[in-house]
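This report describes the fold of one protein chain. The sequence and the model are shown below, and the sections after them go from the whole chain to single residues.

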Amino acid sequence: MTKPIFVLNGPNLNMLGRRKPEIYGTTTLADIEATVREHAGALGRGIEFMQSNHEGVLIDEIQRARDEASAIIINPAAFTHTSIAIHDALEAAELPVIEVHLSNVHRREEFRHRSYVSLQAETVIAGAGAYGYIMALDYLAQR
């Protein structure tokens, strides 16, 4: 059996649908998870979906992915711009990494233009909203 794809989400993404809907939309993280699970099932792929506001928890999941996952889709949220530790964990995982952002971070504040995660990502999807997760799954399916 194929190992699942880990879909990891960083801080404040549990607030989707309520936090800045003009930027992030009204779709909740639970809505995204349901859509991703359905699409992954249609592709014959399993997923493990998680969200944490804690950097160390995300690093633990990335480390677990090394042995238990086939790939990582990650929306590191604010950790994108700050976490060398997540960068290093992704490097050590030695898996395909797809970085997803709901908003186009390049059209936002300057501090959001730098991503430590992108240095480890095979592909970056930004600005497609919740559909970015589906794009990431499709990319992995055709890879």
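What share of the contacts in the chain with a separation of 6 or more comes from residues 24 or more positions apart? Such residues account for 76% of those contacts, where contact means heavy atoms within 4.5 Å.

## Basis of the model

The model is predicted: local features need a pLDDT of at least 70 and side-chain atom pairs count only at pLDDT 80 or more, while totals for chains, interfaces and linings use all residues. Residues are numbered from 1 along each chain as its sequence is written, and side-chain values use heavy atoms, with hydrogens and water left out.

## Overall architecture

The chain has five helices and five strands. Helices (H or I, at least four residues) and strands (E, at least two) are DSSP runs, numbered from the N terminus. Read from the N terminus, the elements follow the order β-α-α-β-α-β-α-β-β-α. The radius of gyration is 14 Å, close to the 15 Å that the globule rule gives for 143 residues, so the chain is as compact as a globular protein of that length. This radius is taken over C-alpha atoms, and the globule rule is 2.2 Å times the number of residues to the power 0.38.

The C-alpha trace spans about 40 × 30 × 25 Å along its principal axes. Of the 143 residues, 45% count as buried; buried means under 20% relative accessible area, exposed over 50%, and partly exposed in between (1.4 Å probe, protein chains only). The accessible surface of the chain comes to about 7100 Å², and carbon and sulfur atoms contribute 49% of this. Areas come from the Shrake-Rupley method with a 1.4 Å probe, and for residues only the protein chains shown count as cover.

## The sheet

Five strands form an open sheet in the order β2-β1-β3-β4-β5, with parallel pairing. Its edge strands are β2 (47–51) and β5, each of which pairs on one side only. Neighbouring strands are turned by 15° against each other on average, direction ignored. Two strands are taken to pair if DSSP finds at least two bridges between them. Axes are lines fitted to C-alpha atoms, for helices over the stretch in contact, and angles run from 0 to 180 degrees between N-to-C directions.

Strand β1 pairs in the parallel sense with β2 over five bridges and with β3, also in the parallel sense, over five bridges. V7 has F49 as its bridge partner in β2 and I73 as its bridge partner in β3. Both faces of β1 are covered: I5, V7 and N9 on one side are buried, as are F6 and L8 on the other.

The β5 bridge partner of I98 is T123, and that of V100 is I125.

Helix α3 (residues 55–68) lies across β1, β2 and β3 (71–75) and runs at about 170° to β1. The axes of α3 and helix α4 (residues 84–93) come within 8 Å and cross at roughly 10°. That makes α3 roughly parallel to α4, since angles under 35 degrees count as roughly parallel, over 145 as roughly antiparallel, 65 to 115 as roughly perpendicular and the rest as oblique. On the α3 side the contact involves E55, L58, I59, I62 and R66, and on the α4 side A85, I86, A89, L90, A92 and A93.

## Loop residues

L43 sits in the loop between α2 and β2 and is partly exposed at 33% relative accessibility. Apart from neighbours within four places in sequence, L43 is in contact with L137, D138 and A141. N12, in the loop between β1 and α1 (21–24), has a positive phi near 75° and is partly exposed, with a relative accessible area of 36%. A77, in the loop between β3 and α4, has a positive phi of about 55° and counts as buried at 15% relative accessibility.
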